[in-house]
Structure formats: structure tokens, C-alpha cells
Amino acid sequence: MSEITVQGGQEVLGVRRIEGPIIVVEGAANVSYDEVVEIQDPRGELRRGRVLEVGEGFAVVQVFSGSTGLSIDGTRVRFLGGTLHIPVAEEMLGRIFDGLGSPIDGGPEPLTDRYMDVNGLPINPTARIYPRDYIQTGISTIDGVNTLLRGQKLPLFSGAGMPHDQLAAQIVRQATLGKVAGAPQTEGEEFAIVFAAMGVKNDVADYFRRSFTESGALTRVAMFLNLADDPPVERIVTPRAALTLAEYLAYEREMHVLVVLTDMTNYGEALRQISNVRGEVPSRKGYPGYLYSDLASMYERTGRIRTSKGSITQIPILTMPNDDITHPMPDLTGYITEGQIVLGRELNFAGIYPPVAVLPSLSRLMKDGIGKNRTRDDHPRWGAQLYAAYAKTQDVRALASVIGEEELTEVDQKYLQFGRAFEREFVNQSFTENRTIERTLEIGWKLLSMLPKQELTRVTLDEIAQYYKGEDASS
Amino acid sequence: MSEQVGTITWISGPVVRARGSRNVGMLELVEVGADRLVGEVIGLEGDQITVQVYEETAGMQTGAPIYGTGLPLSVELGPGLIQSIYDGVQRPLPLIEEAMGSFIQRGARFDSISREKKWKFTPKVKTGDEVKGGVILGTVMETETFEHRIMLNPDDSGTITWIAPVGEYTVDEPIAKLRMGKEEKSVTMLQRWPVRRARPFVNRRGANTPLITGQRILDTFFPVAKGGAAGIPGPFGSGKTVTQHSIAKYADAEVIVYIGCGERGNEMTEVLQEFPHLVDPRTGRPLMERTVLIANTSNMPVAAREASIYTGITIAEYYRDMGYHVALMADSTSRWAEALREVSGRLEEMPAEEGYPAYLAGRLAEFYERAGYVNNLNGSQGSVSIVGAVSPPGGDFSEPVTQHTKRYIRCFWALDKSLASARHFPAINWLDSYSEYIEDVAAWWREKVGKDWLSMRNRAMELLSEESRLSQIVKLVGPDALPYTERMILETTRLIREGILQQNATEAVDAYSSIEKQIRLLELVLYFHERGMAIVKRGAPINLIHDLPVVDTIIRAKSTITNEEMHKFDDIQKQIDQQMGRLDAEYRS
């Protein structure tokens with residue numbers, strides 16, 4: 001890289017303190033909050049950073065690639081006079097970038113004069129369109145009971161060693177706009193995938209790249225990679241850079257953009273690291289008090305607006321440390337996102353794929369995208385009935401483990417059978433199986449028919465007459 | 001009006017410090033930086049001024065000026081509030097969209113209330129009248145059915161020297177002239193009121209009329225009184241927002257103020273797109289025509305989130321002063337508390353529990369104490385009821401915001417994750433919730449419905465708590481070990497849970513239950529219980545009761561019988577009599 005890549009700005013020589021990824025610079029006047037800086041280390045190499053706090057004659061700067069090798073005397077800091085912007089262009093699809101948005105696939109810088117602030121701006125609630133178009137993913141546990149809509153943010157809560165990557169890849173591969181049954185998402189409408197990796201292993205990034213190649217989508221994918229061995233602080237910018245491109249594609253190029261962010265837990269840890277170094281008052285588990293607002297500033301960059309046909313749908317993936325759903329990362333995420341798909345350890349052990357733990361999973365927007373004229377009239381009540389029955393199964397299982405299966409009442413024994421079949425036939429499906437919504441509904445009714453009719457109080461009597469196939473169907 | 005009072009010396013997120021004049025007031029509204037962003041003075045020390053800024057501060061520089069306004073942070077009050085949607089500091093979002101497009105940019109300055117729109121004013125006082133603060137000077141029809149009463153500012157009083165005749169006026173045209181001592185003052189329909197100062201009233205009345213919400217678990221089991229305060233705490237996905245929306249739709253208040261405080265953008269959009277199409281059963285007009293929305297979503301600036309609660313409650317008090325019943329929803333007060341914590345952290349204040357500032361409890365108290373059923377200055381009566389959602393981290397109710405909230409509310413609707421997982425909605429746990437208004441509103445029920453609601457309600461609660469005890473035993477030894485009389489209790493409580501407590505907010509018939517329907521359902525279930533118990537005591541096996549067709553009919557009654565078809569409940573009672581009668585006869589011999 002040449003010595004000076006950006007014009008303008010003021011250069012300052014005077015680092016007062018270096019601690020972790022944070023440096024305190026003295027002698028700068030009129031520094032802006034959140035301004036981008038360029039740091040020249042004693043060997044002449046350039047790094048980037050940004051201003052976290054400004055005071056009289058000093059500025060606190062976060063160095064994205066870390067402070068290794070910086071010295072108090074030999075370090076020059078140049079304040080570039082603006083907030084962090086990245087170039088955005090349609091040509092960025094099919095390309096791979098680092099966590100700050102610079103190409104790392106050997107190709108040239110994107111040719112564009114359009115630069116956008118990575119922080120984005122909040123969408124005015126009056127400008128939004130409420131999501132109503134459902135996306136058929138071909139996965140029963142999603143389409144049937146946790147339906148994903150265009151413009152929704154629906155995270156995958158997982159744990160180490162569980163197949164969240166496969167599930168995300170399957171969703172990306174099979175997603176079609178369900179309203180026109182069977183029509184691929186591409187038909188007549190442009191789609192794009194923006195993939196951001198924060199602190200994941202190279203294998204994971206590779207897995208996604210392969211999976212995009214296999215489904216023929218690679219030319220529609222922009223990847224932003226900050227891998228496990230890349231500087232952690234850079235991770236703060238990675239999802240924002242990815243979402244900035246997504247916003248450009250969705251709201252200016254009118255594309256339907258699916259954003260996959262993995263792994264948000266690593267992002268949270270980077271944020272915590274910065275906060276700790278700065279000596280901020282921590283809230284839970286050492287995370288900063290503003291973690292909620294910070295996460296919201298990314299998750300809320302999802303949705304549809306009235307001035308564009310495009311949309312952004314977000315699937316953040318996060319591994320719950322120790323499978324603990326009350327950990328601040330999944331907890332605060334769940335408060336912001338519109339539901340969550342939770343993967344369950346026990347189902348995974350039982351060899352069920354995808355191991356979606358149905359009971360804690362939820363899609364908040366589901367009610368507005370299903371039912372009459374969208375999927376099928378009985379869908380909402382059918383879903384509630386499956387949930388209620390499966391929840392009852394859990395109670396019965398607990399009871400059976402105490403008093404033994406033989407002691408259960410006849411009805412409870414039927415619940416046990418229902419529960420097993422539900423996991424084997426409804427939840428379980430292969431990585432390549434793409435079920436239509438009709439098929440999913442059919443399987444659900446088949447399972448419900450294992451229970452006596454009077455147990456089914458969530459569905460209407462008409463629906464029972466039409467779809468129930470159980471033993472006492474005629475009575 | 002605004003002169004430079006200082007120069008910025010330090011910036012960290014929404015908090016800015018400046019050095020300058022010692023005449024700036026605490027909580028004064030200031031304009032910060034070259035873009036003149038709105039801020040509020042939250043600390044003064046010598047010549048150092050600490051400001052919280054209600055807009056994004058990225059790009060702001062040290063050395064930039066701040067300007068004083070001499071006024072505290074205030075809201076504009078007058079006709080035109082209803083049907084509006086504002087951000088946390090009362091800027092109208094539709095105008096921001098018109099001017100700036102789909103994204104909210106910085107430095108937006110708009111009048112909160114339109115200065116162009118003309119309102120038909122009808123005077124209610126005459127020249128020469130001695131008037132005091134709060135008196136109604138005249139009226140304006142704010143919507144086709146809603147009468148907006150133009151009041152004199154509570155701080156003013158004097159003699160009317162001129163009152164405008166019936167006619168069309170804008171909010172800043174004079175509609176009256178008032179002599180106060182030697183001065184003469186012109187009065188307009190527009191008032192400004194500092195958000196952090198509660199609007200005055202004469203005194204509080206007892207809160208003994210329930211706020212009817214049409215939600216069975218609330219009205220029948222855990223009622224909140226008009227002028228009361230209720231909290232809904234719950235982990236994510238347990239249905240706080242759905243419950244808040246249901247109350248906003250169906251509560252029998254004349255005005256609804258809905259504050260989306262640090263929550264999802266799509267949820268506010270849902271309200272905005274849905275409410276104009278929903279009909280208010282009392283007036284037959286769209287629900288939006290009684291609603292004021294404050295939307296400060298989670299990605300909007302955090303300091304404005306702190307202000308949004310005050311903006312909302314001040315608007316609510318204004319309508320209360322006219323003599324209306326106002327219900328205010330705040331979703332979620334935890335996000336507001338977090339905004340306090342964030343600003344406090346940037347100020348490096350000594351934290352109390354979990355990083356929250358020590359004044360958290362005081363601020364919560366100030367907010368909830370602004371609820372009340374009061375005698376207004378003008379002799380009318382009005383109320384502000386507050387329903388605050390709480391989002392405890394990890395669903396743990398022992399955290400500071402939930403705990404402090406519990407001290408200032410008298411009605412607690414505890415949401416339960418396991419109920420939500422089983423899709424039992426509203427997922428309000430009947431054993432953890434409470435209402436301290438039960439005795440207070442019992443007289444109202446007796447008078448209004450003519451039935452002994454209190455003893456029926458208590459009987460049902462008794463059965464539910466008995467169920468909880470019995471289910472502990474069932475978990476250990478299975479249901480077969482229980483005597484039939486106890487299994488009869490389990491049969492009845494299933495009817496209570498599935499037939500009464502569960503309510504589907506998305507289904508037309510079930511979404512709103514009139515109080516007549518609520519009490520009738522409860523009566524039927526208890527009747528079923530008494531009859532069943534009598535039979536079981538004579539030795540009839542429990543499965544005969546369980547298999548009665550009327551059980552299914554009762555469970556489905558909530559969604560098959562509309563509020564207008566009350567006679568159909570008599571049919572169900574007949575069915576109980578017939579089916580139970582047969583069993584009764586069989587086992588009598």
C-alpha cells in the first residue's frame with residue numbers, strides 16, 4: 001500500500017497511551033465523534049481505526065486490526081474527517097471482502113462512486129411496509145410452525161457442535177416466495193445473499209462458499225469474512241458493512257436480500273472486549289449496558305420500505321454459550337428479533353435433523369403471513385394445536401419417567417406415541433428434502449389424527465371433519 | 001431566542017460536555033453543534049455543562065457551539081395530537097418521512113402540531129368571566145366524534161376580556177384574551193408543557209371502576225382500575241406486545257397513548273397500518289381516531305428513548321384534564337431504564353444494581369405516580385391508567401427493573417415462558433399474578449352486572465390453586481391415584497384454563513369478550529363443577545364426566561358464541577342439566 005491513500009485530514013504525532021486495541025491520541029483539534037482514522041505504525045504500515053470518545057485535546061481511538069507493534073513515539077495518526085464509509089455496487093455480488101469491506105479475492109476494488117456510511121440510518125416506522133409475504137423454506141418446523149416472512153429477522157439459536165450452518169445453508173438454498181406456490185424466488189425478482197462471518201473458523205466460511213457454489217447462487221452472494229484468526233475488533237464493523245451493502249441492494253436496486261450473519265456471539269465478545277478496555281461500567285456478564293441498543297442498530301436494519309420493491313430478511317446465527325438461552329447475547333437478541341429458531345441438543349443426539357426444538361422456537365410475524373389466501377385456512381389453528389399437543393407430550397413424558405409408561409392413561413399413551421412420531425416424521429427431514437407447505441400440513445394432520453378428537457380443542461369442528469383421519473373419525 | 005451558551009469539549013455517544021455560561025438551567029433544552037441537534041442539560045458543574053443529545057452524535061466535533069433556549073424540554077398540546085405518530089421528542093414521523101425519505105436523518109425540526117390546519121372552535125365562556133387554570137374555554141371536534149376541550153393553561157388565571165366567536169382558527173391564532181392583574185394575555189389553542197412536570201389536578205379520587213379490556217384473564221381475574229397502574233413483565237416471546245396491543249384495541253378508555261419505547265420498528269408499523277382499519281366498538285369509528293402513537297424504536301437515538309415515556313405521559317395527562325379516561329401503554333419500560341443506565345454509564349456515575357443508576361427506583365416511582373383517577377382543575381373527572389411492559393433479562397423477575405416496578409404498581413400480570421411455549425395465550429400465569437384492585441372494583445361489578453363476581457372469581461382462583469397442588473401429586477404418582485373428587489377439580493380447571501383463560505387475539509369472536517360474556521362463561525364452568533362434584537360424590541367414575549359432549553361445547557363457547565348471542569349460554573346450561581341429569585339419575589339409585 002502506498003504511504004498515503006486518502007487525501008485530506010489532519011495528521012497527529014502523539015500517542016499518549018496504548019491499551020489493547022485502544023489508543024489515546026493527544027494534540028488533535030476539532031476531532032469528530034466516530035471519525036475514521038488512519039494509523040501509521042513505526043514500520044510505515046497503515047491500519048484503520050475510529051474515534052470512540054473525544055475530549056479537549058485528546059481522542060480515544062479503537063484500532064481495528066489491534067495495536068500490536070504500535071509504539072508511543074513512532075506512531076502517526078491521521079484523522080480523515082468523516083465516519084466509516086464503504087463502497088457499494090451491484091458488482092460486489094460474487095465477490096469476497098474482509099471484515100472492513102476491502103476485497104480479498106484478488107479482484108479489484110469495486111468500481112463505484114457510491115459510498116455509504118456503515119452505521120446506516122434508522123428506518124422511519126411510517127416508511128415501513130409490514131411484512132406479509134411468506135417465504136417457503138421447505139422445512140416443516142419453519143414453514144409449518146415458525147413461518148419466515150420477507151422482511152423478518154429470525155435468528156438461529158444454536159450451540160457448539162450443532163448443525164446450524166447446514167440449516168442456514170438449506171434455508172438459503174430452498175427459499176422460495178411461498179405466495180406463488182413452487183415458483184423460485186428468482187423468477188421475475190432479483191435476489192441476493194449477503195453473508196457476513198464474524199470470528200468463525202475458515203471451515204465454516206468454506207462450507208458456505210461450497211454450498212453457495214453447489215446451489216448455483218455464488219454469483220449472487222457477497223461475502224464479508226472476518227475469520228477466527230482475524231483481528232477481533234474488526235468484527236464490530238463486519239456486520240455493519242454487510243448490512244450497508246444489503247440496504248443498497250434492497251432499497252436502491254430493489255432486490256430481495258437475505259442476510260446471514262454468523263456468529264453473533266463472537267461479535268458480542270468483541271464489543272465486550274472494547275468496553276472492558278475502556279473501563280465502562282458493565283451490566284450482565286461483563287457486557288456493556290448498551291449491548292441491546294448496539295444489537296438493535298443491526299437487527300433493525302431489516303424490513304421493507306414503501307419506496308422500494310426490495311426487502312431485507314435477516315438470519316443471524318448465534319451459538320449460545322453453554323446452551324444457555326438466558327445468556328445476554330441470545331436473550332437480548334430474542335427481545336429484538338421477530339422470533340427465534342432454537343436448536344435442541346437432545347434432538348441432535350437422537351439423530352434428528354434439523355434438530356429444531358419446537359417449543360422454545362417462535363415466529364412473531366407468522367400470524368400475518370399464513371392462513372386464508374396465503375397458505376391455507378386451517379394453518380394458524382393447526383399450528384397452535386401441534387404446539388399444544390407437543391407441549392402436553394412433554395408433561396406426559398415427565399410423568400412416564402416417574403410412574404412408568406404402563407401406568408399412564410390411555411390418552412396419555414397416545415400423546416407419547418404422538419410425540420415420538422412428531423419428532424421422527426415432522427421435525428426430521430433430510431438436508432435435501434424440500435417439503436411444500438401442503439405436504440407439511442398433511443403430515444401435521446396425520447400426526448394429530450393419532451390423538452382422540454376431543455383433545456383437539458384448538459382447531460374447529462369443521463376442520464376436524466375435513467382433515468382428521470383418526471380411528472374415531474366417524475363418530 | 002437561542003444564543004450560544006457554550007463550546008463542546010467532550011463527546012461520548014449521546015452525552016456531550018461543553019464549557020460556557022453559568023446561566024444555563026438544569027433540564028434546559030439546548031441545541032448542540034453545527035446541525036443544532038436537540039439536547040437537554042442533565043448536569044452542571046461550574047462552567048461545565050453536561051447534555052444528553054436526542055439525536056445521533058456521529059460526526060460532531062469538539063469546539064462546536066451549543067445554544068440555549070431558556071426553556072425546559074416540553075411538548076406541544078392542542079388539537080391534532082390524536083392520530084399522530086411522533087418520535088420520542090414529539091417530532092411527527094410522517095413529516096420527517098416527507099422531508100427526508102424513508103430514513104430518519106439528523107437535525108429534523110418540525111412543529112409537533114400543524115400550524116396550518118384550521119379547527120372549528122366553539123366558545124364555552126363569555127367576556128367578563130373569571131377563569132382559573134384548566135377551565136374549558138371552548139371545544140373543537142378533533143375527529144368526527146371526539147370533542148377536544150380547549151383549556152386554559154393550568155398556571156394562568158384572570159378575567160376573560162375577549163373570546164373568539166364560533167369559527168375556524170389555527171392553533172396559534174388567539175381564541176381568547178385574558179387579563180391577569182395588569183397584564184393582558186392572548187390565549188391560543190396551543191399549549192406547551194414541560195414533560196418532566198406532572199400536570200396539576202385538585203385531588204385524587206378512589207380508583208374503583210375497572211378498566212375493561214375485554215381480556216378475560218385481566219377483567220375477570222386480575223382487573224386494573226381506571227387510574228391504576230399495571231405491569232406486564234415477561235421474557236421474550238411470552239406475548240407482552242400482543243397483550244399491550246389487545247388492551248390498546250379494546251380498553252374502554254376514550255384516548256389511548258401507545259409508547260413504543262426501544263422496541264421493534266415493524267411492531268409500530270403494524271399498529272399504524274392496522275388501527276385505521278379496526279373499528280372502535282364504542283364509537284363505530286376507526287381505532288386510530290382515539291390513539292396517539294409515540295415511536296422510538298430500538299435503533300433510534302437512545303436519549304430520545306428516555307424522553308419518550310415523559311412525552312407520552314404528558315399527552316395522556318392533557319386529555320385527562322379535559323375529563324377523559326386515558327390508557328397509556330409503555331412497551332417497554334425496561335428499554336427506558338436501559339437508556340437511563342446508558343447515559344448514567346457515560347457520565348461515570350456510581351452504579352447501583354446491575355449497572356443501573358441509584359435513581360432508577362425514583363424515576364420509576366415518578367412515572368407510575370402520574371397515573372391516577374382525579375378531580376381536575378375544571379371540575380371534571382378523568383383518569384390516566386398506565387400499563388407498563390417490563391422485559392427482564394433472561395426472564396428473571398428478580399432483576400432491578402421488575403423489582404422496583406413492583407413497588408409502584410398494584411396490578412402485576414406475570415407472563416410465563418412455559419405457557420407461551422404451549423401456545424397458551426395470553427401467557428399470564430394465574431398463580432404469580434396479582435391485583436390489588438379486586439376489592440375496590442367488586443362494587444362496580446355488583447352494580448353493573450348484578451352478579452356476585454367477587455365470590456365466583458375467588459372460587460375459580462381457589463380451584464386453580466388446588467389444581468397446582470394436585471398436579472404436584474400427579475407428577476409423582478400419576479392421576480389414577482387421586483380420588484374422583486379431586487380429579488373432578490382437574491376436569492373443571494381444564495375448562496377454566498382452556499375455556500376462559502386462553503384467549504385468541506387473532507380470532508374475531510374471541511379477541512374481545514364483553515363482561516357479560518365473561519361472567520356467564522365463569523358461571524357456567526362453576527355450575528358444571530358443582531353438578532359434576534355432586535355426581536362424583538355419589539360414586540360415578542370420573543371418565544363419565546370427562547366424556548360428556550358438553551365439555552367440548554364449553555371449551556369452544558368462547559370462540560363460537562359472540563358477545564351478542566348471550567342466549568346461547570342458556571342452551572349450554574340446558575345441555576349441562578340434561579347430560580348431568582342422566583348421570584345423576586343413574587347414580588342416585
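**View 1. Helices H16 and H17 of chain B.** In this predicted model, the axes of helix H16 (residues 549-560) and helix H17 (residues 567-588), both of chain B, come within 10 Å and cross at roughly 160°. Angles over 145 degrees count as roughly antiparallel, so H16(B) is roughly antiparallel to H17(B). The crossing of H16(B) past H17(B) is left-handed. On the H16(B) side the contact involves Pro549(B), Val550(B), Thr553(B), Ile554(B) and Ala557(B), which meet Phe569(B), Ile572(B), Gln575(B), Ile576(B) and Gln579(B) of H17(B). Seven residues of this contact are nonpolar and three are polar, with no charged residue.

**View 2. The largest cavity.** The model holds five cavities of 30 Å³ or more, and the largest has a volume of about 120 Å³. Its lining consists of 14 residues; Ser283(A), Arg284(A), Leu332(A), Arg341(B) and Pro393(B) lie nearest the centre. Two or more lining residues come from each of helix H6 (291-299) of chain A, helix H7 (328-336) of chain A and helix H6 (333-346) of chain B. By type, the lining of the largest cavity has eight nonpolar, two polar and four charged residues.

**View 3. The second largest cavity.** Helix H3 (residues 240-250) of chain B contributes the most to the lining of the second largest cavity, namely three residues. Here the lining divides into five charged, four polar and four nonpolar residues.

Note on methods
Residues numbered from 1 in each chain as written. Chains lettered and ligands numbered in written order. Predicted model: local features only at pLDDT ≥ 70, side-chain atom pairs only at ≥ 80, totals over all residues. Heavy atoms only, no water. 1 Å grid on protein atoms, 1.4 Å probe; cavity = no way out; pocket = protein on both sides within 12 Å on 5 of 7 lines; lining within 4 Å. Points joined across faces, edges and corners; volume = space filled by probe spheres on them. Helix = DSSP H or I, 4+ residues; strand = E, 2+ residues; numbered from the N terminus. Nonpolar A, V, L, I, M, F, W, Y, C, P; charged D, E, K, R; others polar. Axes fitted to C-alpha atoms, helices over the stretch in contact; angles between N-to-C directions. Parallel < 35°, antiparallel > 145°, perpendicular 65-115°, else oblique. Left-handed = near helix turned anticlockwise from the far one by under 90°. Contact = heavy atoms within 4.5 Å.
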